[in-house]
Amino acid sequence: LTNSLAVICCWPARAPVQPGERGISARAPGRRPRARRRLRPLRRPRSALPRRRHRALRRTLLHRAVGDLAAAREAAERALAHATEPRQPLALLAAHRLLGELDTDSGAVDSAHQHVTEALALADACQAPFERALTLTALAELAPARGDRNAARAHLAEARTICESLGAMPT
C-alpha cells in the first residue's frame, strides 16, 4: 500500500510561462516593475484571514512532520475555524483532510473517517479533481485501519486515474 501511495502523491505538470503570456510583457527592463505590481495582489492577500488560514495549515504540516500530533491537531482546528467564517470550501476541504490524516495517525478511526468523507464531499461539490485525488489517498490510508484493504486499493486506483487524466507527474 505504501508503494502505491508514493506513486499517487504528485502535482499537476505545467508548462513554463513564456514571455508575453498571462498579461506579463516580455522582460524589457522598463516593464518588469509594472508586471511585478500587477502580480503583487496575487502573492499577498489583502485580508489577514487567508494569511492566518495558510499559516495554520503550514504549521499543521510542520508539527506533523516533526511528530508533534497534539500541536498539529491544534493548528488544524485553528485552520478549520478560519475557513469556516466566512465559509471557504477549498480551505475547509484541506483542513478536514488534514484532521482526518491526523486522526488516522493517532488511531481515531471513526473521527478520521468523518473528516475525510466531509473533505471528499467538499471536493465533489467544488469540482476539484486534484483535491479529490488527494482526499482519496487519505481515505486509502484510512481503509486498512478499518479492516478494508480492498477499499484502499479501489481508492488508490481512482486517485491514480484522476492524476493521469490531469497529467500529474510523481514528485
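**Notes on the helix packing in this predicted model**

1. Let me start with one residue. Setting aside neighbours within four places in sequence, Ser 111 is in contact with Arg 73 and Asp 103. Ser 111 itself sits in helix H6, and with a relative accessible area of 23% it comes out as partly exposed. Across the chain from it, Gly 100 is 11 residues away in sequence, and the two C-alpha atoms are 7.0 Å apart. Bear in mind throughout that this is a predicted model.

2. Now the overall picture. The protein chain has 8 helices and 2 strands, and in sequence order these run α-β-α-α-α-α-α-α-α-β. Of its 171 residues, 36% count as buried. If you take contacts between residues at least 6 apart in sequence, 58% of them join residues at least 24 apart. The accessible surface is about 10,600 Å², and carbon and sulfur atoms account for 53% of that.

3. How do H5 and H6 cross, and at roughly what angle? Helix H5 covers residues 89-106 and helix H6 residues 109-126; their axes come within 8 Å and cross at roughly 155 degrees. Since angles over 145 degrees count as roughly antiparallel, that makes H5 roughly antiparallel to H6. The crossing is left-handed.

4. Who touches whom in that pair? On the H5 side the list is Pro 89, Leu 90, Leu 92, Leu 93, His 96, Arg 97, Leu 99, Gly 100, Asp 103 and Thr 104, and they meet Ser 111, Ala 112, His 115, Val 116, Glu 118, Ala 119, Leu 122, Ala 123 and Cys 126 of H6. Sorted by class, the contact has 11 nonpolar, 5 polar and 3 charged residues.

5. Helix H4 (residues 69-84) packs against H5 at an angle of about 160 degrees, the axes being 9 Å apart. That makes H4 roughly antiparallel to H5, and this crossing is left-handed. From H4 the contact takes in Leu 69, Ala 72, Arg 73, Ala 76, Glu 77, Ala 79, Leu 80, Ala 83 and Thr 84; from H5 it takes in Ala 91, Leu 92, Ala 95, His 96, Leu 99, Leu 102, Asp 103, Asp 105 and Ser 106. The class breakdown is 11 nonpolar, 3 polar and 4 charged residues.

6. Most residues other than glycine have a negative phi. At 70% relative accessibility, Gln 127 counts as exposed.

7. One more helix pair to check. Helix H7 (residues 129-142) and helix H8 (residues 149-166) pack at an angle of about 160 degrees with axes 8 Å apart, which makes H7 roughly antiparallel to H8. Their crossing is left-handed. Pro 129, Phe 130, Arg 132, Ala 133, Leu 136, Thr 137, Leu 139 and Ala 140 from H7 meet Ala 152, His 155, Leu 156, Glu 158, Ala 159, Ile 162, Cys 163 and Leu 166 from H8. By class, that contact splits into 12 nonpolar, 2 polar and 2 charged residues.

Technical notes. Residues numbered from 1 in each chain as written. Predicted model: local features only at pLDDT ≥ 70, side-chain atom pairs only at ≥ 80, totals over all residues. Heavy atoms only, no water. Axes fitted to C-alpha atoms, helices over the stretch in contact; angles between N-to-C directions. Helix = DSSP H or I, 4+ residues; strand = E, 2+ residues; numbered from the N terminus. Parallel < 35°, antiparallel > 145°, perpendicular 65-115°, else oblique. Left-handed = near helix turned anticlockwise from the far one by under 90°. Contact = heavy atoms within 4.5 Å. Nonpolar A, V, L, I, M, F, W, Y, C, P; charged D, E, K, R; others polar. Buried < 20%, exposed > 50% of the residue type's maximum accessible area, 1.4 Å probe, protein only. Areas by Shrake-Rupley, 256 points an atom, 1.4 Å probe, with all protein chains shown as cover.
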